[in-house]
Amino acid sequence: MSRGRVLHVVEALGVGGLERVVASLARHASPEFPPEVLALCAGGGMQEILEADGVRVRRLPLRDYYPGSVLRAARAVRAAGPDVIHTHGHFAGVAGRLAARLAGVRALVHHLHTADSTLRPRHRRLERLLARATRRIVCCSEAVARHARADLGVPEDLAVVVRNGIDPAPEISREAARALLPPDLPEPIVGCVASLAPHKGQAVLLEAWEALPPSLRGGSLVFAGDGGERAALEAQAVRLGAAGAGAVVRFLGLRPDVRSFLPALELLVAPSIGREGLGLAVLEAMDAGLAVVASRTGGLPEVIEDGATGLLVPERDPGALSAALAALLADAGRRRAMGTAGRRRVEREFRAAPMTRRIEAIYEAAMTVQRAA
């Protein structure tokens, strides 16, 4: 029997980390908390996945969270009739929580998926104001919780950490995984899976790749993802090639089958700059048995045990990143040991079903406990 219908409110339904967490919460929802999803601005690839899982998706073509748009969102909330509203990200958090108040829904849960240092002062003021009407604010890592308290003014008792979880990796052999990648890529293959954006640090990775010792330049570096920085990164890769940096650099674009080809890689690199909520791509790589090299930023140190499941390096430091890559590319036994340890850690601590149960306990509390003013 349902205890509370849940409406997840998002800005759009692309294939990023936020949207994948929403899909996991919907997929593993218990019968007590049946989910729907409201996309305020646009659909996307994740909409098809949600609907294939039997989750109803509602869409609104909003462009802002001014009063007229909030009223439209409130009408959509009333039509869904939820008992709990779970908003994700800044835009959906503002519009969704205002709409929920207008629609009379008081059990509001907001989810912070990253520590966004780019928010303007007026956006931070909105977050502080709306925190007063929110029963719980879910943070995907301790780093994000610190950001919520220090930068957004979220009261200590509101912020609760629930780390992201993923489903088990698909069963696929290394040979089948390799067949999903271009056949002309020389091995070993190193991968970076992320949107092509400045804060993901791919430009730093290309610099680090150029600095590898000549004996380690015989493999490939592949980027899975797309974004506004693609043209600049491709131009940088061409310049490096012209300078004799060696190796093959390939941009694969958006690949919904990333988890299937991960076993064909030797390493995953996450060179993020300034912010990273927890790093779903890192979790998926560890689950595939890969060692990881990553920046010591955001929630990444909460996932990667430095020296045990991967290596952490200072952000914006191509020299340190290159040295870490060289150390692991030169030592297959160490890579394998880190990959095995990483897979065990994901199985133990980062699964989607337990994550969902923890968040459903938050829904229960949001419905029954009134936060003190």
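This report walks through the nonpolar cores, cysteines and helix packing of the structure above. The model is a predicted one.

**The cores**

The largest nonpolar core holds 62 residues. Within this core, the members that touch the most others are C139, L181, L268, V282, L283, V292 and V303. Take V282 as an example: once its neighbours within four places in sequence are set aside, V282 is in contact with L268, A270, V292, L300, V303 and I304. Apart from this core lies another one, made of 29 residues and including L196, A208, V269 and L328.

**The cysteines**

How many disulfides are there? The count comes to zero. C139 shows the reasoning: its sulfur lies 7.6 Å from the closest cysteine sulfur, that of C140, which is too far for a bond, because a disulfide needs the two sulfur atoms within 2.5 Å. C139 has 0% relative accessibility, so this residue counts as buried. C41, in turn, counts as partly exposed because its relative accessibility is 24%.

**Helices that pack together**

| Helix pair | Angle | Axis distance |
|---|---|---|
| α3 (residues 67–80) and α4 (residues 90–103) | about 60° | 8 Å apart |
| α13 (residues 318–329) and α14 (residues 332–349) | roughly 100° | within 6 Å |

On the α3 side, the contact is made by V70, L71, A73, A74, V77 and R78, and α4 brings L98, A99, L102 and A103. Residues three or four places apart in an α-helix point the same way, because there are 3.6 residues a turn.

For the other pair, the angle of roughly 100° makes α13 roughly perpendicular to α14. Here A327, L328 and L329 of α13 meet A332, R334, R335 and M338 of α14. L328 is also one of the residues in the core of 29.

**A look at helix α6**

Which residues of helix α6 are buried? In this helix, which spans residues 142–151, they are A143, V144, A145, H147 and A148. The elements that cover them include β5 (108–112), β6 (136–139), β7 (159–161) and α12 (300–303). Just after α6 comes G153, which takes a positive phi of about 70°.

Conventions:
Residues are numbered from 1 along each chain as its sequence is written. This is a predicted model: local features need pLDDT of at least 70, side-chain atom pairs count only at pLDDT 80 or more; totals for chains, interfaces and linings use all residues. Side-chain values use heavy atoms; hydrogens and water are left out. A nonpolar core is a set of buried Ala, Val, Leu, Ile, Met, Phe, Trp, Tyr and Cys residues joined through side-chain atoms within 4.5 Å. Buried means under 20% relative accessible area, exposed over 50%, partly exposed in between (1.4 Å probe, protein chains only). Contact means heavy atoms within 4.5 Å. Axes are lines fitted to C-alpha atoms, for helices over the stretch in contact, and angles run from 0 to 180 degrees between N-to-C directions. Helices (H or I, at least four residues) and strands (E, at least two) are DSSP runs, numbered from the N terminus. Angles under 35 degrees count as roughly parallel, over 145 as roughly antiparallel, 65 to 115 as roughly perpendicular and the rest as oblique.
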